[in-house]
Amino acid sequence: MIRFILTRLLRAFVTIVLVVTFAFVVLRLSGDPATIILGPEAPPEAIAAFRASWGLDQPVMVQYVQYFAAIFQGDLGMSMRDGRPAFDLVMERIPATLALTIPALFLKLALGVPAGVYAALHQGTAFDRTVMVAAVMGFAVPSFVLALGLVLVFAVNLGWLPSGGRDTVWHAILPIITLGLGGAAALARFTRSAMLEVLGQPYIRTASSKGLAWAVVVRSHALPNAAIPTVTLIGFLVGSLIAGAIVVESVFSWPGVGRLMVVAVANRDLAVVQCILLLVATTMVTSNLIVDLLYGALDPRLRHGARAAA
Amino acid sequence: MTDIATATPAPALRLPRMPWYVALGMGWIIFVLAVALLADVITPYVFTAMDLKYRLVPPFETWAHPLGTDELGRDVLSRLIVSIRVSLLIAFGATVISAVLGTTLGFLAAHFRGIVEQAVLMLADFQAALPFLILALSVLAFFGNSLPLLIGLMGLYGWERYARIARGLAISASAQGYATAITQLGATPQRVYLRHILPNIASTLIVSMTLIFPEVILLESGLSFLGLGVQPPMTSLGNMVGYGREYITRAAWIMLCPATVIVLTTLAVSLVGDWLRDRLDPTLG
């Protein structure tokens, strides 16, 4: 078990190092931040001073090492636009994003998991077909189209809800519904196929033919086994709590991390983009790690398999 | 082969039986492909041509502009046709790049094993661990924005899935008799992989392509919608929705036309893809 945990931790660490390297390579070497920020007509002395103060005049390897050192000390640089620490700017936006993504996550779980389980238990019925059609539509309709459709109906035509901004609780409803519906469709489809696969297993037939009530078979044999793959997807959804709302926040002018990312990218604000990239990667890697460890706890086969493979 | 085909008469031209919705999906795919290929011939106007006298004309009002005009008096139908071409071009280019890249890396991993395989798998893990939109946003903003770059970047989307599939299939194929036999006859590894293993696993890869293709369309339209993908004066489906959004209260058709095309196209390709998967390779997830 300890070896299992250690390999997972090592893998998570390597992924983070790769992400930091990627951020460094892409964000530092693809353009000249000095001319981007100061403009092409800036006097050469101003550019030289800027480059020195940002460490851009150092050799690449030195920059790389300094970069790692700075990040592991928690220094993620200053926003080039308003001179404040990028980390603070991003942290200020996190509550707004979580105010959308956490309710949306519960909406996804509340709609998607029961719908998937029920559809699998009643395969071939009208309900099952409805869930499948909804799942396919949920995939084919991009979030910005769904968002604009909801705006068109509920804000423009009916006038019930505001179309953007973050002044009242009412402003959060359309973004949450947009995020929730899309995710619920995917979750329903996934839960349904996980459940169907489990229901086809011999041990379900055995449990059922030894005289257990079907409800008991489902509750204590099928559901726990079908939960294992579903936990992976839920882990992914938790990992994308911060990055999952980029498009939706932009449609609804919601002042969260996603909107900050889009604005920072458009302004080429390197420090802020890096900070969000690292934050998203860390959340993702952490939640994957937790899922892996949960897996090991839920399913002894994986734990032992991993030990044998390692 | 030919002897048998001529000996048994009937089934040569029989179409495979497919449910009505798959047939509709096929029909729509053929339609958009035709529109994309014939875009130069069938656009009624140059897609950037402005006609300031006819701004924000609603659809079906005049035959001169069947789908109406936008805020600058540009013909929505012409813009839609050009957008279909651009979006499909990006999605096709990206899907092909991603499939070639992923399959090559998968084959390399299967052939060399050891450290090459570990490196490929580690990169695949890395790719899967980061939301692609975040990666794409970072790269696009800092490398500037051009059509070849956009296609190349989209071409990174999904490569890790092809790589995993190709690696797994190639490892099991090389354990089979035919690969061993050809290797012992002295064929080079390239020949073994490209002429013998690839045709045997092609159906699985093609199914993966049809499953990833709609995701690429959605990704490109999302980026363009945010104003970070295809740049004006060029236009794409997502780009049209993004700019049309500002007129949602007065001229919703500017946005609804491309949005409908995006939804129908992703829907059609994924229905056909699911159907192909069920027929050819039910093991794919």
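Going along the sequence, chain B reads α-α-α-α-α-α-α-α-α-α-α-α. That makes twelve helices and zero strands for chain B. The model is a predicted one, and everything below is computed from its atoms. Chain B has 285 residues, and 43% of them count as buried. Its C-alpha trace spans about 75 × 55 × 30 Å along the principal axes. As for how the chain folds back on itself, take the contacts in chain B between residues at least 6 apart in sequence: 69% of these join residues at least 24 apart.

Chain A has 310 residues, of which 39% count as buried. Among contacts in chain A with a separation of 6 or more, 74% come from residues 24 or more positions apart.

Ala120(A) sits in helix H5 of chain A, which covers residues 86-121. Ala120(A) counts as buried because it has 23 C-beta neighbours inside 10 Å, where the cut-off is 20 or more. Setting aside neighbours within four places in sequence, the contacts of Ala120(A) are Arg192(A), Met195(A), Leu196(A) and Leu199(A). For Leu196(A), the C-alpha to C-alpha distance to Ala120(A) is 5.5 Å, although the two are 76 residues apart in sequence.

Two packed helices are described by the angle between their axes and the distance between the axes. For helix H4 (residues 76-112) of chain B and H5(B), the axes come within 7 Å and cross at roughly 145°. The crossing of H4(B) with H5(B) is left-handed. On the H4(B) side, the residues involved are Leu105(B), Leu108(B), Ala109(B) and Phe112(B); they meet Gly114(B), Val116(B), Glu117(B), Val120(B) and Leu121(B) of H5(B). Sorted by class, this contact between H4(B) and H5(B) has seven nonpolar, one polar and one charged residues.

H5(B) turns up again where the two chains touch. Here 33 residues of chain B are in contact with 35 residues of chain A. Four helices of chain B each supply at least two residues of the side that touches chain A, namely H5 (114-129), H6 (132-143), H10 (189-225) and H12 (253-280). By class, that side of chain B has 25 nonpolar, six polar and two charged residues.

Finally, there is the nonpolar core. The largest one has 152 residues, and those with the most contacts inside it are Val90(A), Ala147(A), Met261(A), Val272(A), Ile276(A), Val280(A) and Val216(B). The helix giving the most to this core is H4(B), with 16 residues. Val90(A) shows what such a position looks like up close: leaving out neighbours within four places in sequence, Val90(A) is in contact with Val257(A), Leu260(A), Val272(A), Cys275(A), Ile276(A) and Leu279(A). Two of these partners, Val272(A) and Ile276(A), are themselves listed among the residues with the most contacts inside the core.

Definitions and conventions. Residues numbered from 1 in each chain as written. Chains lettered and ligands numbered in written order. Predicted model: local features only at pLDDT ≥ 70, side-chain atom pairs only at ≥ 80, totals over all residues. Contact = placed C-beta atoms within 7 Å. Nonpolar A, V, L, I, M, F, W, Y, C, P; charged D, E, K, R; others polar. Buried ≥ 20, exposed ≤ 12 C-beta atoms within 10 Å, placed from the backbone. Axes fitted to C-alpha atoms, helices over the stretch in contact; angles between N-to-C directions. Left-handed = near helix turned anticlockwise from the far one by under 90°. Core = buried A, V, L, I, M, F, W, Y, C linked by C-beta atoms within 7 Å.
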